[in-house]
Amino acid sequence: MGFLFEQDNFALFRDGFLQTIELSALSALLALLLGTLLAAFRVSPVPVLRAFGTTWVTLFRNTPLTLLFFAVTFGLPPLGVHFSHLTFAVLALGGYTASFVCEVIRSGINTVPLGQAEAARSLGMNFFQTLSLVILPQATRTVLGPMSSVFIALPRNSAIAGAFSVGELYSAQQTFSERGYSIFSIFFWVACAYLLISATVASLFRFLESRLAVAR
Amino acid sequence: MTESPVEDSTPAAAPLVVLSNVNKHYGALHVLQDIDLEIRQGEVVVLIGPSGSGKSTLCRTINRLETIDSGTITLSGRPLPAEGRELAKLRAEVGMVFQSFNLFAHKTVLENVVLAQVKVRKVLRSHAEKTARELLDRVGVGAQADKYPAQLSGGQQQRVAIARALAMKPKVMLFDEPTSALDPEMVNEVLEVMRQLAADGMTMVVVTHEMGFARSAANRVLFMADGKIVEQDTPDAFFTAPRSDRAKDFLSKILHH
């Protein structure tokens, strides 16, 4: 276990850890914004938007994440899109997770009684006012449970970025392996780091759940 | 009180709401059949009839919560717009009260009445709150302003819903079975608010099973069955001498003397 504190190992591990957090946080933000937008598309009265949302979810949710990373990292540059490896990773991971977020939010929207939307519309609210002022705030509470699962899975999925030139935890593990340290002790520290992130996300959601309880 | 427009022989202004030749189907069910209806400013029209006769559907077509298959509906002479900004604007001018109240569960009573004023009518918040408190006082729930809907009785919730609709200063109010979900002892407090509203000259369309309300507050009673307006008359004439067999049958089942 002690290898972590030899040479520059700790700095490498720390940088990987921070990179995982940065990648996860940025992807989470993208997934949340894009996922909410996609959910709005999927329940909108406009057929084109509904079709777009459905297509996105079908495509991104059903494609292995590794394949998406390939598509983004090697598919976009020939089209003239050049970003850093981190940005490509955020796009792949965020776009993938957005499809799950979308479906979670959509299921939450469906738990809000139809009468709430009818009341909002009868008062002259447009589609986006109805959604943002009346439906989504009430859907949030139901959505938190499944949403926490999605956002706990996200940092763990981010390990795939290590194979696409992003210097995060998983790639730190690769370097340590190449340096010949015991596999068991390497994975022990890496697992601890992922556990810390997941536990933090989980407790954040527990906190939100207790704060957002709505009487009905 | 404004002059009662019922049986008014002077040439009235153009009717406020006009439905002409309205048809609607739910699959094979022809739920509205060639409906023609004119509602004048200040008139209180009560829709009665057996379940499934189309009266709620008719009520909901007036603010286009239900679309129609054919025919036209106009409000103040303007046809109902299709989905979009124009429709939202129109809906703000048509108040609606639902059977199940549909108060926003995550907002306080005061917020329920303030929200659309601020977001739709773009009224200043302080002004909207003042209006809201006045309306809540008027319907007798001023003391509940800071509670959440779930903390109120059904009758109180329905009165808040009426205040919420009135806050938009609607031209016409639609009531879709407003007392059907209430405990019997709470029915009257809601009907009383509606009677007051009628007396103040509000144009109202009321779907109800409360024959007492129809008798005392309506200018006109419409009896619907099987998607058609079978009979319409003043409450006195309708309840004492219904003309159609369908209406006679209906009344004999619900009126206990």
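Mentor: pLDDT is the predictor's confidence in each residue, from 0 to 100. This is a predicted model.

Trainee: What pLDDT does chain B average, and which residues of chain B fall below 50?

Mentor: Chain B averages a pLDDT of 91, and 94% of its residues score at least 70. Where pLDDT is low, the predicted coordinates should not be read in detail. The stretch of chain B with pLDDT below 50 has eleven contacts beyond near neighbours in sequence, and it covers residues 1-11.

Trainee: Which element gives the most to the lining of the largest pocket?

Mentor: The largest pocket has a volume of about 680 Å³ and is lined by 25 residues, including Arg121(A) and Phe127(A). At least two lining residues each come from α4, α5 and α6 of chain A and from α2 of chain B. With five residues, the element that gives the most is α6(A).

Trainee: How many charged residues are in the lining of the second largest pocket?

Mentor: This pocket has a volume of about 590 Å³. Of its 24 lining residues, those closest to the centre include Leu32(A), Phe151(A) and Phe205(A), and α6(A) gives the most to the lining, with nine residues. The lining divides into 20 nonpolar and four polar residues, and the charged ones number none.

Trainee: How far apart are the end C-alpha atoms of residues 186-208 of chain A?

Mentor: An unreviewed UniProt entry lists residues 20-41 and 186-208 of chain A as "transmembrane region". Residues 20-41 are 100% helix, with end C-alpha atoms 30 Å apart. Residues 186-208 are also 100% helix, and their end C-alpha atoms are separated by 34 Å.

Conventions. Residues numbered from 1 in each chain as written. Chains lettered and ligands numbered in written order. Predicted model: local features only at pLDDT ≥ 70, side-chain atom pairs only at ≥ 80, totals over all residues. Heavy atoms only, no water. UniProt positions renumbered as here; feature names shortened; annotations may be inferred. Helix = DSSP H or I, 4+ residues; strand = E, 2+ residues; numbered from the N terminus. Contact = heavy atoms within 4.5 Å. 1 Å grid on protein atoms, 1.4 Å probe; cavity = no way out; pocket = protein on both sides within 12 Å on 5 of 7 lines; lining within 4 Å. Points joined across faces, edges and corners; volume = space filled by probe spheres on them. Nonpolar A, V, L, I, M, F, W, Y, C, P; charged D, E, K, R; others polar.
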